[in-house]
Structure formats: C-alpha cells, structure tokens
Amino acid sequence: MHPYDALSEIASLLERERASRYRSKAFRAAAAAIEGLDDAELRDTAALRRRKGIGDSTFAVIQEALAGDVPAYLAELRESAGVAPVGSGLRALLRGDLHSHSDWSDGLTSIDLMAQAGRALGHEYLALTDHSPRLRVANGLSAERLREQLALLPEFSGEGFTLLSGIEVDILDDGALDQQEDLLADLDIVVASAHSKLRMERGPMTRRLVAAASDPQVDVLGHVTGRLVEGSRGTRPPSQFDARAVFTACAEHGVAVEINSRPERQDPPDDLLALALELGCLFSIDSDAHAPGQLSLIDHGAARAERAGVPADRIVTTWPLDRLREWTGRRR
C-alpha cells in the first residue's frame, strides 16, 4: 500500500478508538508531509528523515509500506478496531450523519479531511455542525465566523456527496438557542444540545429541553441526557428531566432524538430510547465525530438502534437527501 494511505488509515483508526489526539495528529502530520512525493523522494531516506512531520514511528510505517508490507502497527490497529461490516443490518441503510465537527471549533482536522472521510464511508451527506459561541472551551463560532465557514462549504460537495451546513447550537439555561435566529434559518441542519448546568433541577431542565425541542429552528435534539459512561473524561450521571414531556415535544414538532454513537455517551440510555420510540419520535443516528476516523462510530449507534427495534423509516439518517431536505424544510 502507499505510505500516505497507511499513515492516514492509522490516524483514522486512532481517532476511532479516541486515542490521544497527539498520536493521531502525528500520523496526520506525517501523511501531509509526504503527500505528493514521488517514489524516488519517498525512498530518499536521509531527506525523508529531515522532513518536518516525520518521526521515528511514522518513518518506520513509511518504510514498511514501501517494502510492500502492511505496516505492523496498522495491522495491529485493524485487528483491534472491530469495525462492523457496512453491508449488514441497519448500518447498511444509513445514508449520512448530521453531527460532526472540524478544527473550526473543537475538531482535530480540517473541513476537507472530514468531507473526504464522509465520502470514503459512502455517505450521501454529512452535516458540519461546529459549536456555537457560548461554548468558548470548544472555540465556538460567532455569527461572523459561522458566515465565513458557510461561504466555503459548497466547494466540498459534488459527485454524489453533499456537505450540509449546520451547527451544534448550545441550549441556554432558559431553553433559548445560542445563535442568531436568522442565521439558524439559513442552515441545512440545526442540532441543539445542552453543554452546561447539566445538574439543573428536574423542573427547570425539563422546561429548558422542551423549549429547545419546540423551537421551530431545531432539527435534532443532541445527546439529550449529557451522560458519560466511560472514557478519558470519566463518567457523568444523566441530567434529570421529565423525558415523556421532552420526547412528546420532539414528536409534536418533528424534531429527531439523536442516538449519539460515541461509546462514552451511549445517549439516550436504553430506557429513554424505548420511551422515545413509544411516543412516536423520529431519530438521527449520528457520530458526533471530532476527527475523520470517528465518523465510523455510527456503527455503534446503528447497533443500539437495531437492538432497540427502531424502524429504519423513523431514522432520518436512512433517508435520501431529497427527503431529508423536505423534512428540514418544515422550519423555513
């Protein structure tokens, strides 16, 4: 295999397993450092070792790939990845993903690499949903920065793939949305999520989430409980709220409940997923990817939805783009 492909695949697999961002970024940097080099340049070991972005580990991968071997580190990562086959079950029906991030907010890579990864997975569409301004720790986008981003997005679509404009807008304490209403109306996808005061009392949290689910600008209610069940950030209990009231509002307003595919979230929990199903909600299986390799985490969300018996037709990310646009067009 080509060394560039080996380095890129290693980076993707490290991203998928949510390894240290420094490890995945090192392999992304090495791939960028050799992109476009011809065979003679790749085999000039002295010059290659001097090239910025090439370290001992990445140099070894390049040499193994040049020798015609699958690099040992790549083989090890492939074996441990456990990636579900795309051609089976509900996973095969997914056409896209409505929740992803780039380095414009707290993602690890450029928009271009996220779009390339979406294409490689066979997505028909991917929504870029960087954070809104209140989430400063995630470098949330002001209205001005979001408009700058929107101007760039059309160049990433084509040949059967569409990069949808979007935002993961913060739900403020009173249920209002953290972005200008007219700007939200211009976006293809609006995911609304709570990121602060997750331990709010049950009554106020219920009113907060019901207000967001009832807002005419919202398409998807993201990681509804905010819980964390594993991973480097530790664990966090779910927010307390009247789930029946929140999901009833989602059903009444055509807002999809997100099945967040990140293993550390598994949100909503199984009991709430069953309740949302009972109340007639739509669902969106999303990766919440912060790096290209994490887009494949939708495997996990698809498996959870399948176990819960969620009908494919009620999952908006199984819909073709024209039907998806018809659904989001209800808020315009």
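Cys 281 is buried, with a relative accessible area of 0%. (Buried means under 20% relative accessible area, exposed over 50%, and partly exposed in between, with a 1.4 Å probe and protein chains only.) This is a predicted model: local features need pLDDT of at least 70, side-chain atom pairs count only at pLDDT 80 or more, and totals for chains, interfaces and linings use all residues. Residues are numbered from 1 along each chain as its sequence is written, and side-chain values use heavy atoms, without hydrogens and water.

**Cysteines**
- The whole structure holds 0 disulfides, a disulfide being a pair of cysteine sulfur atoms within 2.5 Å.
- For the sulfur of Cys 281, the closest cysteine sulfur is that of Cys 250, at 5.3 Å, so the two are too far apart for a bond.
- Cys 250 is also buried, at 0% relative accessibility.

- Helices (H or I, at least four residues) and strands (E, at least two) are DSSP runs, numbered from the N terminus.
- Strand β1 (residues 96-97) runs parallel to β2, joined by 2 bridges; two strands pair if DSSP finds at least two bridges between them.
- Gly 96 sits opposite Tyr 125 of β2.
- From β1 the chain passes through α7 to β2 in a right-handed β-α-β crossover. Right-handed means that, with the strands pointing away from the viewer, the path from the first strand over the helix to the second runs clockwise.
- β2 also pairs with β3, again parallel, over 4 bridges.
- Leu 126 faces Leu 163 in β3.
- In β2, Tyr 125 and Ala 127 point one way, Leu 126 and Leu 128 the other, and all are buried.

**Helix α8**
- Helix α8 (residues 143-152) buries Ala 143, Leu 146 and Gln 149.
- Seen down the axis of α8, these residues fall within an arc of 120°, so they line one face of the helix. The arc is that of the directions from the helix axis to the C-beta atoms.
- Exposed residues Glu 144 and Ala 151 sit on the face turned away from the buried side.
- The buried residues pack against α7 (111-120), β2 (125-128), β3 (162-170) and α9 (181-185).

- Ser 8 lies in helix α1 (residues 3-16) and is buried, at 15% relative accessible area.
- Beyond neighbours within four places in sequence, Ser 8 is in contact (heavy atoms within 4.5 Å) with Arg 28 and Ala 31.
- Gly 36 occupies the loop between α2 (21-34) and α3 (39-43). Gly 36 is exposed, at 74%.
- Gly 36 and Glu 155 are 119 residues apart in sequence and 21 Å apart in space, C-alpha to C-alpha.
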